[in-house]
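Reader: I am new to this structure. Please show me how to read it, one feature at a time.

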Amino acid sequence: MVKRIWAAVIIFIGAIVFILISVLWIINPEGKRAEICRKHGIPFRAIIAHRGASFYAPEETEPSYLLARDLGADYLEADIQRTKDGVLIALHDDTLERTTNVAAVFPGREKDYVETFTLAELRKLDAGSWFNAKFPEKARKSFSGLKILTLEEFLRIAVGGSHKPGIYLEIKSPKRFPGIARRLIEILTRFGWIGGEFSASTGGTDMVTVGISSGRVILQSFDPECVAEFTQYAPSVPRLYLYGAEEIEKAGWQTILRTAIGQKAGFGPSGYVAMPFKNSEAHRAGLFVHVYTINKAWQARALSLFGADGFFTDRADLLLEIYGRRPSETIGNIFAKHGY
Ligand code: G3P
Ligand code: CA
């Protein structure tokens with residue numbers, strides 16, 4: 001009798017799970033999602049290396065991007081800001097306090113915004129030692145003394161390997177950097193990332209080729225006006241409208257959806273707010289959905305079912321493994337090859 005009750009319970013739970021999964025598949029059909037991505041030249045289930053392979057190396061530095069590239073991530077992600085003397089650089093935070101030794105080199109300027117520093121001043125900073133101190137188990141001597149990268153250095157890394165990843169660039173604080181979207185697009189155009197063709201060849205059939213496809217650049221911002229500038233200055237380049245719980249609270253989800261549809265921008269929810277029915281509305285409007293920042297296998301699996309078409313991740317290695325794209329080189333080998 002007890003066995004029968006257990007069997008009934010298991011069948012009941014199994015049926016519920018089956019129905020739930022079926023509903024998720026029906027509201028976010030894979031064929032339609034893949035087609036939306038294909039139209040933009042974006043891989044379906046894109047693996048976007050968030051600040052590089054930033055789980056293993058100091059974010060937005062050379063080894064972080066070299067590792068992400070050589071592991072085989074589809075895109076290298078960076079946050080773009082501008083120095084006092086007008087140079088575009090890759091850096092996430094508004095200030096230098098968390099990821100450099102600014103307190104030691106420029107005492108009293110720890111809370112100053114990045115744009116109050118010239119490139120020459122930024123070059124004096126160590127952008128790697130904080131990582132060694134915070135994550136001793138992942139520390140490498142070669143990380144100490146790393147430099148903040150300019151956009152041009154970042155671009156050179158992106159094209160410099162056998163894998164050819166795309167680039168996924170965010171402008172986080174456009175109001176602090178008037179004209180930055182236009183400038184970024186000018187530079188990307190000058191380097192052939194926008195509007196041109198690369199002559200670069202790939203290193204073989206198993207290699208990433210996003211960087212030489214039509215979806216090689218994606219521009220992203222939390223700021224709707226900045227997304228509108230992307231549309232204005234680079235209409236053929238895919239763009240992503242980022243949002244999280246804070247943006248939903250401020251603007252309301254329907255406004256976010258309408259803005260994304262109006263700009264034909266992909267939908268970029270944080271993992272916490274990437275709900276299946278919302279993703280479904282975005283897909284029905286022809287928008288792709290890229291979710292940030294996903295570093296666990298179960299999250300990626302669940303969110304794939306919920307309708308995510310790609311993930312920003314600090315752990316490109318993990319997501320590559322989940323999607324059956326095991327890297328051909330180990331992390332240790334890649335670091336060693338590049339002298340890290
Ligand atoms: O760009 C996607 C994601 O990176 C947004 O969050 O703060 O890591 O730039 P954040
Ligand atoms: Ca970002």
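Reader: In which loop does Arg 51 lie?

Author: Some ground rules come before that. This is a predicted model, where local features need pLDDT of at least 70, side-chain atom pairs count only at pLDDT 80 or more, and totals for chains, interfaces and linings use all residues. Residues are numbered from 1 along each chain as its sequence is written, chains are lettered from A and ligands numbered from 1 in the order in which they are written, and side-chain values use heavy atoms, without hydrogens and water.

Author: Helices (H or I, at least four residues) and strands (E, at least two) are DSSP runs, numbered from the N terminus. Arg 51 sits in the loop between S1 and helix H3 (62–71). Its phi is positive, about 60 degrees, although Arg 51 is not a glycine.

Reader: Is Arg 51 buried or exposed?

Author: Buried means under 20% relative accessible area, exposed over 50%, and partly exposed in between (1.4 Å probe, protein chains only). Arg 51 has 14% relative accessibility, so it counts as buried.

Reader: Which residues surround ligand 1?

Author: A residue is near a molecule if one of its heavy atoms lies within 4 Å of it. Around ligand 1 these include His 50, Arg 51, Glu 77, Asp 79 and Lys 172.

Reader: How far is the side chain of Arg 51 from an oxygen atom of ligand 1?

Author: A polar contact is a pair of N or O atoms within 3.5 Å; within protein, one must be able to donate a hydrogen and the other to accept it, and residues adjacent in sequence count only if both atoms are side-chain atoms. An N or O atom in the side chain of Arg 51 is 2.7 Å from an oxygen atom of ligand 1. For Glu 77, a polar side-chain atom lies 2.9 Å from a ligand 1 oxygen.

Reader: Which protein donors does the calcium ion (ligand 2) have?

Author: Donors are N, O and S atoms within 2.8 Å of the metal (3.2 Å for Na, K and Ca); water is not among the atoms, so sites may look incomplete. Here they are Glu 77 (OE), Asp 79 (OD) and Glu 170 (OE), at 2.1 to 2.4 Å. Along the chain, the spacing is E-x1-D-x90-E. Glu 77 is buried at 2% relative accessible area, and Asp 79 is buried at 1%.

Reader: Why is the arrangement around the calcium ion (ligand 2) irregular?

Author: Six donors count as octahedral if opposite donors are over 155 degrees apart and all others between 65 and 115. The six donor atoms here subtend angles of 54 to 157 degrees, so the arrangement is irregular.

Notes. Tetrahedral: all angles 85-135°; square planar, octahedral: opposite > 155°, others 65-115°.
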